[in-house]
Amino acid sequence: MIWQFFIDFFIPNQKNDYRAKMLQPPFLIGLFFLFFLTKSSLSLFALNQPAVLGYSSQITPEQIIELTNQERQENNLSLLSINSLLSEAARQKAADMFAFNYWAHTSPSGRDPWAFFKIVDYDYVYAGENLARDFSSSEAVVTAWMDSPSHEKNILDENYQEIGVAVVNGTLEGMKTTLVVQLFGSPAQGIAGTKNANIQEITSTAESVGVSGKEIASLPINPGQIIRYLGIFILGILLGGLIVDKLIIEKKRIARLRSDNTAQIGFLAVILLIVLLFKSGAIL
């Protein structure tokens with residue numbers, strides 16, 4: 001009985017009118033209802049239990065700096081030294097974005113990145129800023145920056161001598177996230193300061209991480225990943241069912257309306273490929 005149920009569910013045969021039950025409307029409706037119910041439940045749970053549900057991240061300022069210096073070393077550039085003033089300026093920039101709810105180099109009130117250099121009394125000849133949000137690892141952050149010519153230019157700028165990084169957890173635009181602020185500078189030595197106009201911003205995935213190396217509580221559950229994996233599972237089941245259906249119908253030469261699933265298979269295959277290849281993070 002159970003065996004016959006699985007046969008009827010997955011394989012087209014005479015008992016199910018040569019259409020697997022998994023490809024029939026009742027199951028498809030239930031499948032998509034499950035997806036949206038899970039998504040809504042996770043969102044609701046995150047609002048009511050913020051201390052339980054969150055993103056897990058392994059990003060630290062030290063790793064960001066180390067990886068940045070690795071990129072410079074591979075390009076025969078001098079290594080950047082850590083400057084505590086730049087780290088404090090980066091921390092204050094991240095705090096400002098959370099406090100005033102913006103994701104940009106310049107705040108809604110017009111405060112630019114250089115204002116934070118002034119707050120900590122860092123007098124510079126050259127200065128630059130890279131931003132990132134929502135990454136899950138330090139490697140992903142630096143890789144994304146290096147994949148962007150303008151961000152890469154900041155990382156590999158031979159004029160820079162010092163670096164400061166802050167990784168700060170908070171709520172931005174209604175969503176819990178982690179901001180990574182990377183500041184570059186060369187201290188002034190009696191020379192009028194100039195600004196590096198090539199500052200950029202970038203998005204990616206992380207949460208519950210350290211601030212200037214001091215870790216905040218790390219949470220193991222990532223609702224975004226759960227939704228992504230559930231979507232992959234649903235697409236995989238549907239794609240597999242359509243392929244099996246097509247092979248059996250063609251082998252048995254069964255005539256039926258809309259017997260060719262080639263278009264549907266191609267469409268689902270493309271969607272599944274996009275989901276699998278999609279990486280969190282977008283260049284701004």
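Look at Ser-81 in this predicted model: its bridge partner in β3 is Glu-162. That pairing belongs to the contact between β1 and β3, which run in the parallel sense over 2 bridges. Strands of a sheet pair through backbone hydrogen bonds, either parallel or antiparallel.

Now step back to see the whole sheet. Four strands make up an open sheet in the order β1-β3-β4-β2, with mixed pairing. At its edges are β1 (81-82) and β2, each of which pairs on one side only. Between β3 and β4 the sense is antiparallel, and the two are joined over 11 bridges. You can follow this pairing by eye: Gly-164 stands opposite Leu-183 in β4, and Gly-170 stands opposite Thr-177 in β4. The two strands form a hairpin with 2 residues between them, and in the turn Glu-173 has a positive phi of about 55°. Is β3 enclosed or open to the outside? Because 9 of its 11 residues are buried, β3 is largely enclosed by the rest of the structure.

Next, let's look at how side chains gather inside. In soluble globular proteins, nonpolar side chains tend to be buried together. Here the largest nonpolar core has 22 residues, and those touching the most other members are Met-97, Phe-117, Leu-179, Val-181 and Leu-183. Two or more residues each come from α4 (84-100), α5 (114-119), β2 (124-133), β3 (162-172) and β4 (175-187). The top contributor is α4, with 6 residues.

Charged side chains tell another part of the story. The whole structure holds 4 salt bridges. In one of them, the side chains of Arg-91 and Glu-88 meet at 2.7 Å, N to O. How are these two placed in helix α4? They are 3 residues apart, which means that about one helical turn separates Arg-91 and Glu-88. An α-helix has 3.6 residues a turn, so residues three or four places apart point the same way. Arg-91 counts as partly exposed at 30% relative accessibility, and Glu-88 does too at 28%.

A second salt bridge joins Glu-129 and Lys-93, with their closest N and O atoms 2.9 Å apart. This pair links distant parts of the chain, since Glu-129 sits in strand β2 and Lys-93 in helix α4, 36 residues apart. Both Glu-129 and Lys-93 are buried. In another salt bridge, between Arg-111 and Asp-96, the closest N and O atoms are 3.3 Å apart. Arg-111 lies in the loop between α4 and α5 while Asp-96 is in helix α4, so the pair ties together parts that are 15 residues apart in sequence. Arg-111 is partly exposed, at 35%, but Asp-96 is buried, at 7% relative accessibility.

Finally, turn to the surface. Ile-2, Phe-5, Phe-6, Phe-10, Ile-11 and Val-244 form a nonpolar patch there, with about 540 Å² of accessible area together. Helix α1 (residues 2-10) supplies the largest share, 4 residues. Phe-10 is found in that helix, α1, and counts as partly exposed at 38% relative accessibility.

Note on methods. Residues are numbered from 1 along each chain as its sequence is written. This is a predicted model: local features need pLDDT of at least 70, side-chain atom pairs count only at pLDDT 80 or more; totals for chains, interfaces and linings use all residues. Side-chain values use heavy atoms; hydrogens and water are left out. Patches are made of residues with over 30% relative accessible area and no salt bridge: like charges are joined within 9 Å, nonpolar side chains (Val, Leu, Ile, Met, Phe, Trp, Tyr) within 5 Å. Accessible areas come from the Shrake-Rupley method with a 1.4 Å probe; for residues, only the protein chains shown count as cover. Buried means under 20% relative accessible area, exposed over 50%, partly exposed in between (1.4 Å probe, protein chains only). A nonpolar core is a set of buried Ala, Val, Leu, Ile, Met, Phe, Trp, Tyr and Cys residues joined through side-chain atoms within 4.5 Å. Two strands pair if DSSP finds at least two bridges between them.
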